[in-house]
Amino acid sequence: MRIRMYNVGFGDCFCIRDRKSSLLVDFGAANSKIEGRPRREVFDVIISDLTTIRKKNLLLTHFHPDHVSGLLYMMRYRRDAYEFEKIYLPDVFSGPEMKYTLALLLLADVTKKASLPGRRVSLFALAEALCARRVKIDLLSRGSEFEGKYTALWPDLREVSRETEDVFNSLIENHENAMTELVNIAEEVRQLFLSMTEEMPEAEQKSAPLSEASLVEEDTEESERSLTGQTEPGGENEGYTQEKLELIMEDTGAAAEDTAEAPEEAEKERARRLKPEKLEKKFRELQATGEFQALLESAEKQGHFLRQFRHKISLAFQNTGDGELNLLFTGDVQPQYMRMIAENYDGRIPLHEHYWCIKVPHHGTESHFFDFSSFSPENMMIPNGAYYDNSKKKSKNQRTSMQYGGLFYINDAHMYCSNCDCCDSYENGCSCREYDVISPSYYKDI
Ligand SMILES: [Zn+2]
Ligand SMILES: [Zn+2]
Ligand SMILES: [Zn+2]
């Protein structure tokens with residue numbers, strides 16, 4: 001087994017490669033430029049690399065653009081290469097009460113700090129991508145085993161629902177109507193994702209849902225604009241992708257033909273593909289109402305708390321059986337949850353004593369720092385290339401925490417940083433200074 005860490009600037013993209021099957025963990029970048037290259041060029045290199053792997057699944061830790069924008073690009077321009085057998089998502093969809101969490105996620109996406117006008121809500125963009133070509137979705141939460149060798153450590157559904165309740169109750173008090181409308185939309189989003197967890201009928205799997213014509217790249221000027229339009233990486237401000245997936249609806253006719261034996265299924269599929277855009281429109285209409293604006297104003301007051309929800313649901317996982325090559329992937333998990341996970345707070349899943357490889361949470365930034373030294377990790381992966389985007393905003397809090405440099409009393413610990421220029425541990429003896437840095441390469445194998 002080896003891990004390929006791709007250099008996607010401030011973003012995550014890892015491929016855990018195995019002889020039998022591979023798992024891609026996240027695929028996104030917040031930068032519009034990575035190492036001076038337009039990010040679409042970097043996405044193309046990664047996509048070409050992925051096409052060399054026969055059997056692969058995809059796991060998305062959460063729905064921030066720096067973890068999914070590459071996937072959205074792939075669905076728009078390289079749909080031919082989109083050949084995952086299964087997609088894993090954090091479970092914010094399976095239980096009826098999760099509509100409240102989803103409502104808060106939608107609300108978080110439209111608070112002032114979260115997005116500029118016109119930017120897309122990430123859940124809708126993702127839904128649209130996932131609906132464009134059906135792949136079976138599996139939902140994961142603490143305790144779920146997957147791929148026959150990994151166990152999810154987070155999200156803990158009870159914990160998320162408890163926190164949802166606190167925030168939700170404080171908001172519904174004076175905004176009952178707007179909140180009820182929002183929850184109705186959230187419930188439809190939930191049902192949509194849930195419908196993609198169903199097994200697909202044979203006919204549907206075989207059919208190519210969209211015709212070749214739809215794969216032809218459209219107006220490149222527009223696509224260029226959409227790719228450079230957002231450059232705000234960072235905890236609070238991970239930018240929102242504007243990549244609009246053109247879903248050429250006329251082509252649903254072709255899909256219907258292919259699945260002629262199961263007209264009901266074809267009809268269901270057509271409805272599914274149209275759904276994200278419809279829901280997004282509904283949400284926009286709701287946003288235009290005075291009642292929603294008032295709700296938004298109240299929400300702004302606890303904006304920080306609300307935006308945290310997008311990391312509260314982040315997937316974290318490890319390999320199930322303790323062995324030589326223990327892995328810990330932490331997505332952008334919140335530090336207080338990382339502590340709970342490390343303490344095995346519910347007695348269900350102890351962490352391993354030692355890790356061969358750890359992907360640090362949230363790009364190694366100070367706000368999400370966690371001290372992994374007691375696990376004597378051999379390799380730490382720190383995907384942070386914030387300084388190599390073309391953004392003028394180069395804030396300190398997006399850099400790799402210098403505390404990670406403290407790990408260097410551990411013999412043979414390696415830190416794989418995307419770029420030394422973003423690493424405050426660099427001065428502190430980070431091994432990225434010597435040889436472990438990924439820049440300027442596209443990837444490094446660990
Ligand atoms: Zn994130
Ligand atoms: Zn992130
Ligand atoms: Zn470093």
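This is a predicted model: local features need pLDDT of at least 70, side-chain atom pairs count only at pLDDT 80 or more; totals for chains, interfaces and linings use all residues.
Donors here are N, O and S atoms within 2.8 Å of the metal, and water is not among the atoms, so sites may look incomplete.

**Stop 1: zinc ion (ligand 2).** Select the zinc ion (ligand 2) and its protein donors: Asp66 (OD), His67 (NE2), Asp332 (OD) and His363 (NE2), which lie 2.1 Å from the ion. Along the sequence, these donor residues follow the spacing D-H-x264-D-x30-H. The site joins distant parts of the chain: Asp66 belongs to helix H2, while Asp332 sits in the loop between strand E12 (327-329) and helix H14 (335-342), 266 residues apart. Asp66 and Asp332 are both buried. Next, check the angles at the metal. The 4 donor atoms subtend 86 to 176° at the zinc ion (ligand 1) and 80 to 159° at the zinc ion (ligand 2). Four donors count as tetrahedral if all angles lie between 85 and 135 degrees; the range of 80 to 159° around the zinc ion (ligand 2) makes its arrangement irregular.

**Stop 2: the bridge.** Asp332 coordinates both ions, which are 3.3 Å apart.

**Stop 3: zinc ion (ligand 1).** Which residues supply the protein donors of the zinc ion (ligand 1)? They are His62 (NE2), His64 (ND1), His311 (NE2) and Asp332 (OD), at 2.1 to 2.3 Å from the ion. The arrangement is irregular here as well, given angles of 86 to 176°. In sequence the spacing reads H-x1-H-x246-H-x20-D. This site too links distant parts of the chain: His62 is in the loop between E6 and helix H2 (65-77), and His311 is in helix H13 (residues 309-312), 249 residues apart. Are these two histidines buried or exposed? His62 is buried, with a relative accessible area of 0%. His311 also counts as buried, at 4% relative accessibility.

Stop 4: Select Leu59 in E6 to find the bridge partner of Val25. Then show strand E3 (residues 22-27), where 6 of its 6 residues are buried.

**Stop 5: the hairpin.** E2 and E3 form a hairpin with 4 residues between them. Phe14 has Val25 as its bridge partner in E3. End on Val25, which is therefore bridged to Phe14 and to Leu59, by the definition that strands pair through DSSP bridges.

Key. Residues are numbered from 1 along each chain as its sequence is written. Chains are lettered from A and ligands numbered from 1 in the order in which they are written. Side-chain values use heavy atoms; hydrogens and water are left out. Buried means under 20% relative accessible area, exposed over 50%, partly exposed in between (1.4 Å probe, protein chains only). Helices (H or I, at least four residues) and strands (E, at least two) are DSSP runs, numbered from the N terminus. Two strands pair if DSSP finds at least two bridges between them. Donors are N, O and S atoms within 2.8 Å of the metal (3.2 Å for Na, K and Ca); water is not among the atoms, so sites may look incomplete. Four donors count as tetrahedral if all angles lie between 85 and 135 degrees; four count as square planar and six as octahedral if opposite donors are over 155 degrees apart and all others between 65 and 115; anything else is irregular.
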